[in-house]
Amino acid sequence: HASVQIANRLFGALTLLPMAALLLSLFGRRGFWVLLLYACVPVLWRDHVSEGVMTGTSWLLATGLAGFVCAWRGTLPPVLAPVAFTSWMAAVVCRPEVAPTLIPIGLALCCLMVIATPADERKRAALAMALATLGAVCILIPHGVWLIAEVQAQEASTGIHGLSQHLGTRV
């Protein structure tokens, strides 16, 4: 109990670093005001001082997004944009429900990054994004297979009820 709360406080505090990089990259000095508003959101405080399950994942998502946006805006070298994928894949492994939203957003950001890259460097940017996407797929497929097998094993042992069983009784 106490260790989870300490970890959440640590990850909650660490989330301010990528958020600062993201907001300052997007808004310049005005980003400090947005960061201040972000830091004062009550639901974040509640999540960061409790046993919330999303604090670490939020840190990973914010880190990936900040890295990608900073590379896109030029505050980081564009070649570092694929590094954002490592944080995102860690977030998906931590909380699988993040994947259905993150995958299309990540692919859209890759396309935007390649389009925004100057023409003389576009091939290198496209290769970097393709390799990052391939690496993400190599991580997600085995994890997805393992996750599905675990859910099926728990359903078989009657530890949890299958989704189809609940949908059939509700509809």
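A search of the whole structure turns up 0 disulfides, a disulfide being a pair of cysteine sulfur atoms within 2.5 Å. The model is predicted: local features need pLDDT of at least 70, side-chain atom pairs count only at pLDDT 80 or more, and totals for chains, interfaces and linings use all residues. Residues are numbered from 1 along each chain as its sequence is written, and side-chain values use heavy atoms, with hydrogens and water left out.

Cys-110 is buried, at 6% relative accessibility. Cys-111 is partly exposed, at 47%. Here buried means under 20% relative accessible area, exposed means over 50%, and partly exposed lies in between (1.4 Å probe, protein chains only).

Turn next to the helices. Helices (H or I, at least four residues) are DSSP runs, numbered from the N terminus. Helix H1 covers residues 2-27, and Thr-15 has its place there. Thr-15 is buried, at 2% relative accessibility. What does its side chain reach? The side chain of Thr-15 reaches the backbone oxygen of Phe-11 at 2.7 Å. That is a polar contact (a pair of N or O atoms within 3.5 Å; within protein, one must be able to donate a hydrogen and the other to accept it, and residues adjacent in sequence count only if both atoms are side-chain atoms). Not counting residues up to four places away in sequence, Thr-15 touches Tyr-38, Thr-55, Ser-58, Trp-59 and Ala-62. Contact means heavy atoms within 4.5 Å.

Tyr-38 leads on to helix H2. H2 spans residues 31-39, and its buried residues are Gly-31, Leu-35 and Tyr-38. These cover an arc of only 60 degrees around the axis, so they lie on the same side of H2. The arc is that of the directions from the helix axis to the C-beta atoms. An α-helix has 3.6 residues a turn, so residues three or four places apart point the same way. The face of H2 turned away from the buried side carries the exposed residues Phe-32, Trp-33 and Leu-37.

Now the nonpolar cores. A nonpolar core is a set of buried Ala, Val, Leu, Ile, Met, Phe, Trp, Tyr and Cys residues joined through side-chain atoms within 4.5 Å. The largest has 19 residues, of which Phe-68, Ala-81, Phe-85, Trp-88, Val-92, Met-113 and Met-129 touch the most other members. Helix H4 (55-73), helix H5 (84-94), helix H6 (99-116) and helix H7 (122-156) each supply at least two residues of this core. H6 gives the most, with 6 residues. Apart from this core lies another, of 10 residues, among them Ala-20, Leu-22, Leu-23 and Leu-35. Leu-35 is also one of the buried residues of H2.

The structure holds 2 salt bridges. A salt bridge is a side-chain nitrogen of Lys or Arg within 4 Å of a carboxyl oxygen of Asp or Glu. Glu-97 pairs with Arg-95, the closest N and O atoms being 2.8 Å apart. Glu-97 is partly exposed, at 44% relative accessibility, and Arg-95 is partly exposed, at 24%. Arg-124 pairs with Glu-121, with the closest N and O atoms 3.9 Å apart. Arg-124 is exposed, at 54% relative accessibility, while Glu-121 is partly exposed, at 33%.
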